[in-house]
Amino acid sequence: FFFKQKTAYEMLRSLVGSEMCIRDSAIIKQVSQSKHFSSKSTVRESEMQFYSKIQDWWNPEGSMKALIAYNYRRVEFIREVFQDHCLRQGKDYRLEKPLDGLNTIDVGCGGGLLSESLARLGGKVLGIDASETSVQNAKLHSFNDPLLKDKLEYKQITSEEIKLTQSESYDIVTSMEVIEHVDNQEYFVKDLAQLSKKNGLVFLSTINK
């Protein structure tokens, strides 16, 4: 997995693991319910509208075919990094449910492909996305597995909004194949880092073009 911009990578390294108490009102603006995004929002409205049209997130032969095909690679990557993290922290790594007891947020969850996978690894997962349609698709698919009922939640909300509406931080923050679709990428990376607990893990990936 590769970061799209070196500046984003450098910023993430400087922020993750430190106390996240900065709330810059000049950068962070609440998104209105009408979705009239401010110039400082990370949401690229054209991308949100594009993904809002997708109805076949879970069809292995549909428009998300490629994403479905390599989702397991993303999950294995997260498992491997988390196992190494546990070893360095002197913590036990549970092979079957390695994320058991950990609060996880999946930013830009789309139809929930990664969110469901993380919940099945034991994590208590919140999937968030700016697209109402994507969130509804994710919720509907999760209903197929009753075991996910108490492990997985979805909200239509942005990374900027969620910082303004809750104080909770997360053991694991994921945002896979998202950064290339947002505006104000440096602000977006700051948002992710500020959602992380001290010594938490933040995962980003993007297609290497």
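**Entry 1**

**Entry 2: the overall plan and the confidence**

I went through the chain from start to end and listed its elements. There are seven helices and five strands. In sequence order the pattern reads α-α-α-β-α-β-α-β-α-β-α-β.

How much of the chain is buried? I find that 48% of the 209 residues are buried. I also looked at contacts with a separation of 6 or more: 72% of them join residues 24 or more positions apart.

Then I checked the confidence. The average pLDDT of the chain is 82, and 80% of the residues score at least 70. Another is residues 15-39, with 43 contacts beyond four places in sequence. Where pLDDT is low, the predicted coordinates should not be read in detail. I left the details of those stretches alone.

**Entry 3: aromatic pairs**

How many aromatic pairs turn up in a search of the whole structure? I get four. One of them is Phe 50 with Tyr 51, an edge-to-face pair with 5.0 Å from centre to centre and 90° between the planes. I looked up the exposure of both residues. Phe 50 is partly exposed, with a relative accessible area of 48%. Tyr 51 is partly exposed too, at 22%.

Next I returned to Phe 82 and Tyr 93. Their ring centres are 6.2 Å apart and the planes stand at 50°, so I wrote this pair down as tilted. Phe 82 belongs to helix H3 (residues 65-89), while Tyr 93 is in the loop between H3 and E1, so the pair ties together parts 11 residues apart in sequence.

**Entry 4: strand E1 and its partners**

Is strand E1 largely enclosed or open? Four of the five residues of E1 (residues 103-107) are buried, so the rest of the structure largely encloses this strand. I then looked for its partners. E1 is joined to strand E2 (residues 124-129) by five bridges, and the two run parallel. One residue I traced here is Thr 104, whose bridge partner in E2 is Val 125. Between the two strands the chain passes through helix H4 (residues 113-120), and this β-α-β crossover is right-handed.

E1 also pairs with strand E4 (residues 170-176): three bridges join them, and they run parallel. Here I picked Ile 105, which stands opposite Val 173 in E4.

**Entry 5: a closer look at Thr 104**

Thr 104 has its place in strand E1. Buried or exposed? Its relative accessible area is 0%, so I count Thr 104 as buried. Which residues does it touch, leaving aside neighbours within four places in sequence? I listed Leu 118, Lys 124, Val 125, Leu 126, Tyr 170 and Ile 172. Val 125 in that list is also the bridge partner I had noted for Thr 104.

**Entry 6: cysteines**

I checked for disulfides and found zero in the structure. I looked at two cysteines anyway. Cys 86 has 2% relative accessibility, so it counts as buried. Cys 109 counts as buried as well, at 7%.

**Entry 7: positive phi values**

Most residues other than glycine have a negative phi. I noted two residues with a positive value. Phi of Glu 177 is near 55°, although this residue is not glycine. Where does Glu 177 sit? I found it in the loop between E4 and helix H7 (185-195). Glu 177 has a relative accessible area of 11%, and because buried means under 20%, I count it as buried.

The other is Asn 199, not a glycine either, with a positive phi of about 65°. Asn 199 is placed in strand E5 (residues 196-205). Asn 199 is partly exposed, with a relative accessible area of 46%.

Note on methods:
Residues numbered from 1 in each chain as written. Predicted model: local features only at pLDDT ≥ 70, side-chain atom pairs only at ≥ 80, totals over all residues. Heavy atoms only, no water. Buried < 20%, exposed > 50% of the residue type's maximum accessible area, 1.4 Å probe, protein only. Pairing = 2+ DSSP bridges. Right-handed = clockwise from strand over helix to strand, strands pointing away. Contact = heavy atoms within 4.5 Å. pLDDT = per-residue confidence, 0-100. Phe/Tyr/Trp six-rings, centres within 6.5 Å; stacked < 30°, edge-to-face > 60°. Disulfide = S-S within 2.5 Å.
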